[in-house]
Amino acid sequence: MNFTVKGVDNLPDIYGEINDPQLVIFMGGNQFMVLDELIPAFKKKFPQYQRILIETLPPGLLFQQIEHGTLTIGNMQISVKPDIYTAGADKIEQNMKMFSRAEAFTSTKLALMVAKGNPKKINGFLDLQRKDLRISMPDKKIEGIGRTIEDAYLKAGGDAMHQRIMVEKVAEGTTFITQIHHRQSPMRILNADSDVAPVWETEILYQQKLGHLVESITIPDEYNKVSVTKAGLLKSAPHRQAAQDFLDFLTGEESQQIFQKFGFGPANK
C-alpha cells in the first residue's frame, strides 16, 4: 500500500526498510541523489543485505540523533541505531573515539545556485552583500557547509562581508537560515523565495538533471574549498559485518563511478 501524498505524507530523508534492517546508514544529506543507483548496486554485489535503512538528514542532526537515540517526525519516533555515519572529514576526525574505522570516499566544493538566466544579474561572490539579494543560507550548527560558506565570506570580504550577510541581512530578513539545507535551498530558488543560495556544486548539477531551471555561478578557488566526506563505522554498530562490507563497497571503483556521475570528486582531491 502506498500512502504518499506530495507535500503532506512524504519523507524524502528516510530511504529504505525501517523494519528489522540489516544495515543502517546515517548519510550526510548532500549525497541523497546517489541512493537510487548506489543502494541497488550494493545489494547486487551483496545480496545477503536487502533490508537497508538510510537517513539523509544534515550531519549535525544525525549526530544529535546518535547522541539522543531517537528522531521524532510529527507523531512518529525512529529509534534505530546506525552502523555507518557520514559527514565532513573534520566532523569524523573530531569524534574518532566513536568509530572503529573511517574512510574518505568523496569530495565537492561550493557554487552559487540561481534561477535560470540569473535574473538578479549577480556578477560574483562579493555581490551577495547587496541589499536587494535574498540569500538562502544553511545553519552552521547542523551542517558543515554553513561553516565552509562563512569561511568563504571571510576570505572574500573579511569581517565586513561576514557581518553584512550573517548579521545585518539576517536582521533585515534578506538572509534566510535554513533548517534542512539540501532540500530547502533549491526549493527556495525554484519558488522565487530566495535569489541565490550557496550550495555544494553537486546540488546544482542534480537539479539540472531533473530539468529544473537553475544555473551555477562559480565561486573563485581563492575563496572556495574542496570538502572531503568520510564514512565512519560506529563502535556501537549492531550490524558490524554489513557495515564493513558497505565501507569496502563505498570506497571501491563501482561506487566511485556512481558518485562521479553525480558530479562528486575523488576523496583525495
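I count two residues as in contact when heavy atoms of theirs lie within 4.5 Å. The model I consulted is a predicted one.

Entry on Val 34. I looked up the contacts of Val 34, leaving aside residues up to four places away in sequence. Val 34 touches Ile 258, Phe 259, Phe 262 and Phe 264.

Entry on the core. I next asked which residues have the most contacts inside the largest nonpolar core. They are Val 34, Leu 38 and Phe 246, in a core of 31 residues. I noted that β2, α1 (35–45), β3, β13 (227–234), α7 (240–250) and α8 (253–261) each supply at least two residues of this core. The largest share, six residues, comes from α7. Apart from this core I found another, of 22 residues, which includes Val 114, Ala 152, Tyr 153 and Met 166. As a general remark, nonpolar side chains tend to be buried together in soluble globular proteins.

Entry on the sheet. I traced an open sheet of six strands, in the order β1-β3-β2-β6-β13-β7, and its pairing is mixed.

Entry on one strand pair. I checked β2 (residues 23–26) against β3 (residues 52–55), and they pair in the parallel sense over four bridges. Within this pair, Val 24 has Leu 53 of β3 as its bridge partner.

Definitions and conventions: Residues numbered from 1 in each chain as written. Predicted model: local features only at pLDDT ≥ 70, side-chain atom pairs only at ≥ 80, totals over all residues. Heavy atoms only, no water. Pairing = 2+ DSSP bridges. Core = buried A, V, L, I, M, F, W, Y, C linked by side-chain atoms within 4.5 Å. Buried < 20%, exposed > 50% of the residue type's maximum accessible area, 1.4 Å probe, protein only.
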